[in-house]
Every structure is written in structure tokens, then in C-alpha cells.
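Take a look at the model below. We will start with one whole chain and then turn to single residues.

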Amino acid sequence: MNKAVLEFSSRTENVAFARVAVAAFVSQLDFTLSDIEEIKVAVSEAVSNAIIHGYGNNPDHTVRLELRVAEEYMEIEVIDQGKGIKDISQALEPAYSTDPERMGLGFAFMQSFMEKFSVQSTPGKGTRIKMSRRAGAPRQAAVPEQ
Amino acid sequence: MNYTIKKEKDYLVVSISGEVDISITDSLREDIDRALQDYGLNNLIFDLSGVEFVDSAGLGVILGRYKKVAARGGKVYLAGARPQVKKILELSGLLGLMDEYPSTGALWEKLG
């Protein structure tokens with residue numbers, strides 16, 4: 001297994017850093033360019049959620065990314081210690097959004113672009129999103145575990 | 001990421017390049033809304049030919065502007081999306097709400 005851990009400030013400009021870093025790390029596996037683009041979208045959504053919803057756009061907190069790859073399999077965890085999600089089932093509904101300007105598609109994209117996807121969250125303590133996918137294999141969208 | 005906003009005929013044309021995510025969507029949204037108001041326009045064209053990446057935050061700006069101009073009888077057109085961007089547009093359902101063209105040239109031909 002190969003692993004990497006990244007911690008960065010909860011600033012929106014770090015969303016691009018996160019997805020590029022993940023893309024670089026998982027490119028050691030046999031992913032196509034199209035796969036990598038999908039993984040970047042999923043990471044972008046998860047990190048944006050941590051910053052905007054977890055930390056309420058406060059730039060003084062930390063988002064943690066844990067990356068693991070082994071035998072054509074990659075796993076990404078996006079962890080914040082923010083306000084957490086009260087009702088995960090509701091948050092996972094397509095088009096659910098707390099903001100009319102946002103599409104509520106973040107979780108839908110994460111599920112579409114990953115094989116396995118789970119959300120652990122404790123109100124007041126934070127959220128941990130775990131998503132994984134194999135390289136070089138046909139893929140079915142994830143059914144979320146909560 | 002950068003963008004230009006200009007009036008062409010009766011349309012506000014927003015040309016976007018680079019990566020569109022949450023770091024830029026607030027200023028993009030405000031600048032488009034201000035230009036729509038200043039020019040008094042209700043029709044909007046997004047030239048996406050330079051967009052290399054978009055996530056749901058970027059799509060939210062497009063949807064929000066759609067809701068705004070559609071409420072006043074206006075239309076939103078999308079042009080030039082690259083394959084990976086088009087895939088995101090398709091998955092989001094936005095293409096069911098607005099017309100999409102392979103290029104701004106093809107769109108202007110249609111608009112006449």
C-alpha cells in the first residue's frame with residue numbers, strides 16, 4: 001500500500017490544490033484521463049462541502065485528506081472537524097441544498113464517480129467522507145453507506 | 001480561471017476559461033448579475049470553450065442565472081463545452097433546461 005496525508009487551511013483556493021494533489025497521487029494507478037477528471041470532481045465536491053458547510057466558510061480551520069492506493073484500488077477520506085450534518089439521509093437526496101444558488105449535486109457527483117461512498121458525521125464534531133474506486137474496471141455508481 | 005463579460009446584440013456573453021469552482025463563483029455570479037442589470041439584458045450566453053474543469057459550484061452559478069432570466073422571459077444558452085464538462089452538464093440535468101451548442105459560431109448561426 002502507498003499512502004499520503006495532506007492537511008490544509010479551509011480556504012476555497014485550496015479546493016483546486018486538493019483535487020490536483022489527489023489526481024497526481026492516484027495517477028500511479030491505471031486510471032484513464034476521464035477517470036481522473038471524475039475523481040477530481042468528487043474531491044472538489046467533498047472539500048468544498050468541508051469548507052462551506054463544515055466550517056461555514058471560516059478559513060482558519062483545517063481540512064484533512066487521507067489517500068491510500070493498493071493494487072489498482074484507491075481510497076480517499078476527506079475529514080473536517082466542523083459543525084457536522086444533522087440529517088445525512090436528507091443531505092444525500094439529489095437536489096438537496098441549503099442554498100438556492102447551489103445545486104445540491106455535490107453528494108450526487110461523489111456517488112456517481114465512485115464505487116464506494118460513505119458519510120460519517122456527528123453534529124458539532126465534524127464529518128468524514130470516505131470514497132473509493134478501482135482502476136481499470138467497469139464501474140457502477142456507489143450506493144451510499146451512512 | 002478568468003472570464004470576460006460583454007454585450008453582443010441582445011445577449012450578454014460570458015466567456016470563461018480555466019477551472020470553475022467555489023473559489024471563483026461568488027465574483028462570477030456578482031459580475032454577471034451586475035452586467036445583466038447595467039445592460040438591461042435578459043438573454044445570456046455562456047461560452048464554455050475555455051473551461052477545463054467545473055463542479056457543482058460552477059453549475060450553481062449557471063442555474064441561478066437561468067432562474068433569474070427565465071423569470072423575466074429570458075433564455076440561457078451554453079456553447080463550446082469540452083467532453084468532460086459536457087458530461088457534468090448532462091449529469092446535472094441542466095441540458096434539459098437550456099440549449100447547448102458545440103460552439104458560439106454554431107449558436108450565432110442559429111440565433112441569426
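How many helices and strands does chain B have? Chain B holds 4 helices and 5 strands. Both kinds of element are DSSP runs, numbered from the N terminus: helices are H or I with at least four residues, strands are E with at least two. Read chain B from the N terminus and the order is β-β-α-β-α-β-α-β-α. Its radius of gyration is 13 Å, close to the 13 Å that the globule rule gives for 112 residues, so chain B is as compact as a globular protein of that length. That radius is taken over C-alpha atoms, and the rule is 2.2 Å times the number of residues to the power 0.38.

A word on the basis. This is a predicted model, in which local features need pLDDT of at least 70 and side-chain atom pairs count only at pLDDT 80 or more, while totals for chains, interfaces and linings use all residues. Residues are numbered from 1 along each chain as its sequence is written, chains are lettered from A and ligands numbered from 1 in the order in which they are written, and side-chain values use heavy atoms, with hydrogens and water left out.

Stay with chain B. The C-alpha atoms fill a box of roughly 30 × 30 × 25 Å, taken along the principal axes. Buried residues make up 51% of the 112 residues in chain B. Buried means under 20% relative accessible area, exposed means over 50%, and partly exposed lies in between (1.4 Å probe, protein chains only). Now take the contacts in chain B with a separation of 6 or more: residues 24 or more positions apart account for 67% of them. A contact means heavy atoms within 4.5 Å.

Now move to chain A. Is Thr127(A) buried or exposed? Thr127(A) is buried, with a relative accessible area of 7%. Thr127(A) sits in strand S5, residues 126-134. Leaving out residues up to four places away in sequence, Thr127(A) touches several others, among them Val78(A), Ile79(A), Val119(A) and Ser121(A).

Last, find Ala70(A) in strand S2, residues 62-70. Ala70(A) is partly exposed, at 33% relative accessible area. Glu71(A) lies in the loop between S2 and strand S3 (73-80). Glu71(A) is exposed, at 80%.
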